Amino acid sequence: MTLSLDEIEALAQDCLTRAGVRPAVARLVAAEVAAAEAADEGVHGLHALLRDLRLIRYGHLKPSATASLAQPWPGLMTADAGHGFATAALMHALPRLDSRVRSQGVMMLRLDQASPPGALITPLQSLAQQGLCAIGRGAGLKGRVAHPEAPAPRRFSGDGQNAMEAMLTPFVTDTATPFHGPVAHQAWIIAWLPEVNGGASPSDFLDLAPPTEPINPVTFSSELLEELVAA
């Protein structure tokens, strides 16, 4: 079966609201699901949606959770998702992150106690649309870079991934979520003003992440769609 990105987003939002997710949160999560499918990362798209619906059913993911924000250090913000959706918690934190970056040039955002963060496409894209550069990744996942001059966040190549890993190593703990406990994943985003970092050009970052064409429409097995509708 083939679906357009708009149809994928509508399907995801419908599944989430039927599972008890607030409409505003469902819209954010559904947009990330569609963005992951467009990036040819189905593991973070409808397959991840099915996983999250099951996590809600078994009480491991809290659909009504609201993120709490803090700034324990001058250069670090934290967003505790309260065992809720990673995308919703990150998008909730972005206005404050944007303000801090503009006042001091650079800031790290650490996400805690969240659902698996997936590709982080929509949060990074939002930062780029606001005129900021950003890199980010979830625990154990590939990273992405976003820049105001790039139309969409790009996934790092091998060299780019290595460079990002070296940058984040002091801050990252790739711990697994307990199987029987609530979701408790982490993710990290570093955002900065384009003129920071010695005036480095966009190519210094984007060359490490080759662009890809979005996929639209996307083909799925009928079994996956049937499982989603029944979840």
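Begin with the aromatic rings: a search of the whole structure finds zero aromatic pairs, where a pair would be two rings of Phe, Tyr or Trp (its six-membered ring) with centres within 6.5 Å. This is a predicted model, in which local features need pLDDT of at least 70 and side-chain atom pairs count only at pLDDT 80 or more, while totals for chains, interfaces and linings use all residues. Residues are numbered from 1 along each chain as its sequence is written, and side-chain values use heavy atoms, with hydrogens and water left out.

Select Y58 next, together with R57, which lies over the face of the Y58 ring at 5.9 Å from its centre; a charge sits over a ring if NZ of Lys or CZ of Arg is within 6 Å of the ring centre and within 35 degrees of the ring normal.

Now move to helix α4, residues 86–104; helices (H or I, at least four residues) and strands (E, at least two) are DSSP runs, numbered from the N terminus. Its 19 residues should span 27 Å at 1.5 Å a residue, and the end C-alpha atoms are 25 Å apart, which agrees; the expected span is 1.5 Å times one less than the number of residues. Centre the view on L94, where α4 has a kink of about 40 degrees, shortly before the proline P95; the bend is the angle between axes fitted to the seven residues ending at a residue and the seven starting there.

Which elements do the buried residues of α4 pack against? They pack against α2, β2, β3, β4, α5 and β8, with contact meaning heavy atoms within 4.5 Å. Among these buried residues are A86, L90, L94, L97 and V101, buried being under 20% relative accessible area, exposed over 50% and partly exposed in between (1.4 Å probe, protein chains only). After α4 comes G105, whose phi is positive, near 95 degrees.

The loops come next. Most residues other than glycine have a negative phi, and most peptide bonds are trans. In the loop between α2 and α3, select D40, whose phi is positive, near 65 degrees; D40 is exposed, with a relative accessible area of 58%. L120, in the loop between β4 and α5, also has a positive phi, of about 60 degrees, but L120 is buried at 1%.

Finish at P217, in the loop between α7 and β9, where the peptide bond from N216 to P217 is cis, with omega near 5 degrees.

Terms used: Rings of Phe, Tyr and Trp (its six-membered ring) pair if their centres lie within 6.5 Å; planes under 30 degrees apart count as stacked, over 60 as edge-to-face and the rest as tilted.
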